[in-house]
Amino acid sequence: MNRLIFDYLRRWSLVLALVSMLEFGLGCLLACRPEDNFEFWGLLLAMWTGANLLSFDLKRGVAHAVAILPLTARQIGRSWWLATVAIPAIVLAALLYLGAGAFHHINPDKVIPAGRLAIVSLLNVAWLGTMFNCVSSTPVIHETGWIRMRSTFIGRLSAIMLLGGMLVCQNASKSPLKSIILLGVGAFLTVASWFRAERFALGRAGFRLTVPHYKCPRGRHSAPGGRGGIPFLISTNFVRTFLPLVAMVALMALIWSWSGQAIPRQQAIVLFASMGSFMSCFFIFFLQPMSVLQHLRFMRTLPVSAGELAAVMIAVAILPLIALGALAAGVAGLSLGTPVAITVSKSYMFILAPASLCVLFAVWRGAGAQACVLLLFTMFGFFLAPMCLQGLFHHQEIPFSLTGTIAAFCVLSALLLTRCALMHSSHAYRVQANPSGNLPWVAGR
Amino acid sequence: MNNYAIEIRGLVKKYPRFQLGPLDLTVPHGAIYGLIGPNGAGKTTVIDLIFGMGRNDAGQIRVFGFDHRTDAVPLKRRAAYVSPDLNFQVWGKVGKAIRFVRGFYPGWDDAYCAGLMKAFHLSDNDSILTLSFGAKTKLSLLLALARRPEILILDEPTTGLDAVSKQQVFGELLKAVENGERTVLISSHGLSDIERFADHVGMIKNGMLLLEGRTDEIVDRYRLAEFFTNNGTGFQSREGLIILKQAENRWHALLDQKTGAHEWLQTHGAEQISLTRMTLEDLFVALVKEEEAE
């Protein structure tokens, strides 16, 4: 078990070291400005020390590689639990207190907010346990009935906890109700993740654990009706992506309205629109990996030109965002008025820029770690960019024309460069180890 | 149009630690061409370049006269690709994968597709995720054959198949090409299959073509020579003669009959020369070993 833990920590040592420095800084900030809200940043840092990193390993087939080692599934799962939940939780807590202590040492007049640090540390445990469940609570193929329902329930609860946590975590350490809910659900999920850790190796190794049981007679085939080809690809992907996105944004709106916001209404609307569009983009590239990227090798052997294929890939990524933006703007317009509708539509228009660039990077670098880093930088960069632009233009919001220009420029550039990458780059065509793992919501299950 | 289904001239593709070519390779119309070579020789790179996956640094690839870069779409309408690496899992069900691919080919043969489904024991409602490795390869082959392509390009199609499935796959391939109108380029490590199945063969190693020609001619051309020497005569590899093994005065060598190496041995002190017919696999091992020794 130790070898697995050390192997994981060694491979991710640079990322963990960077996050550790940032966590130390967060401790300093909490001690310096105890009245400010830093919970969201705490959540982000916890995400990048937890099972999120392990999910990149899983995409590269590590589960299959370790499953054949002389270790039980429970040992493998619990090793990873220790490496991605227990150890990071202890280290993050220590760093928070160290950071606060260091600040107090330099500024002895400042009091260490020990209680708040404790709640933030406990929240870290909740985020780490939830992340672990998000990645591991996949119903295994042979599971049925109650066991499958239980896996699905824990998986869904973890997703809701993480999504809801992002929205309501601000001020959580100051609000007893929020703290109780987040810590209660988080504690349940963390404990559950320990007892269900062995599923990690079973569920993610990609083994076909059962002999296929065919329900219909062999050789049955009827000529398919309707259109196939590209229209079929686009429509199938659209439905698979759009419906979960609508559910996700609706859930976010519910949590958002329930939790209430301390910031002014207009600012809250802008923030919610930005978060909704950002999460939608994140969902498309990380939670529902674009199917067209997964079988790009096959797509390239079909009679479709590189330009057409680039256009299809970008369309598959941005069409659900456009439709969701239109729907969200329509609902916002009807319920809150035209200015809010414009704010929402601008936000979804702006997110088309990183979405199209993410397609480019995924094609250019393939499904490896480099592409993941590029995608994350692009998404977070474009999430923070509006704030910088607002400061630059001294507007509360970016003008509609500027948003449209940026989005159009990025989409067109991505189209041309993706075409180029399809013709020149070999990365995307190299076969990846089960790029989507066995995520329950991934297309094709 | 010339007589070649695939014509590759001066093909070069450079990677940081590997270079393919310069490579010249020709696949005649209606031939079943076996592309063989050790792991990492560049077989898949050649196939990838035919389909425009990555760009060559020099040279030209023509398939039925279509340039692989400027006429990519018409080329791909005529060519089909089969590999166990192809990922259809995103479609979930076999029927959906068929519907998707069928949409690209107006000439899709539904009756033939139904026949292949029966032969391969696949059904529309089968979940692709639960298909065995062999069944996935069969699905890949079905999707390629049912479009009635003029050329089939197969990259390691029999990897992971049991003997029965292999027979089935080759049986369907032979049926598909029996009228001689279709061309097959098959890259495989199963050299006994290639020897039985392919009428032409090309062998590449480290990105370079070692030999190319009709399979029967190549197998006929080389012999395993066993001979003895007295008085301590020594031999070294030379044109047409590759020394494989020596134990005291007993020698084993690969002999190219076209070069007159047999006569040369007789005149240079080799005695009791016995020549044995080799399989393609023996020849492959001998040539690859000789390259490594160099």
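Chain B contains ten helices and 14 strands, where helices (H or I, at least four residues) and strands (E, at least two) are DSSP runs numbered from the N terminus. The model is a predicted one, in which local features need pLDDT of at least 70, side-chain atom pairs count only at pLDDT 80 or more, and totals for chains, interfaces and linings use all residues. Residues are numbered from 1 along each chain as its sequence is written, while chains are lettered from A and ligands numbered from 1 in the order in which they are written. The C-alpha trace of chain B spans about 75 × 40 × 35 Å along its principal axes. Of the 294 residues in chain B, 43% are buried; a residue is buried if 20 or more other C-beta atoms lie within 10 Å of its own, exposed if 12 or fewer, and partly exposed in between, with C-beta atoms placed from the backbone. Among the contacts in chain B with a separation of 6 or more, 70% link residues 24 or more positions apart; two residues are in contact if their C-beta atoms, placed from the backbone, lie within 7 Å.

Four strands of chain B form an open sheet in the order β2-β1-β4-β5, with antiparallel pairing. Strands β2 and β5 (66-67) of chain B are the edge strands, each pairing on one side only; two strands pair if DSSP finds at least two bridges between them. Strand β1 (residues 4-15) of chain B runs antiparallel to β2(B) and is joined to it by eight bridges. B:K14 has B:Q19, in β2(B), as its bridge partner.

Strand β2 (residues 18-28) of chain B also holds B:L25. B:L25 is buried because 20 other C-beta atoms lie within 10 Å. Apart from residues up to four places away in sequence, B:L25 touches B:I8, B:G202, B:L209 and B:E212. A distance of 9.9 Å separates the C-alpha atoms of B:L25 and B:L35, which are ten residues apart along the chain.

Chain A has 19 helices and zero strands. Of its 445 residues, 44% count as buried. In chain A, residues 24 or more positions apart account for 84% of the contacts with a separation of 6 or more.

Helix α15 (residues 306-336) of chain A comprises 31 residues and reaches 44 Å from its first C-alpha to its last, close to the 45 Å expected at 1.5 Å a residue; the expected span is 1.5 Å times one less than the number of residues. At A:I318, α15(A) bends by about 35°, and a proline, A:P320, follows within four residues. The bend at a residue is the angle between axes fitted to the seven residues ending there and the seven starting there. After α15(A) comes A:G337, whose phi is positive, near 105°.

The two chains meet through 41 residues of chain B in contact with 38 residues of chain A. On the side of chain B that touches chain A, α2 (72-78), α3 (94-102) and α4 (110-119) of chain B each supply at least two residues. The largest share of that side, six residues, comes from α3(B).

Chain A has a mean pLDDT of 79, and 83% of its residues reach 70 or more; pLDDT is the predictor's confidence in each residue, from 0 to 100. Among the elements of chain A, α15(A) has the highest mean pLDDT (91) and helix α10 (residues 199-204) of chain A the lowest (63). Over residues 205-212 of chain A the pLDDT is below 50. Where pLDDT is low, the predicted coordinates should not be read in detail.
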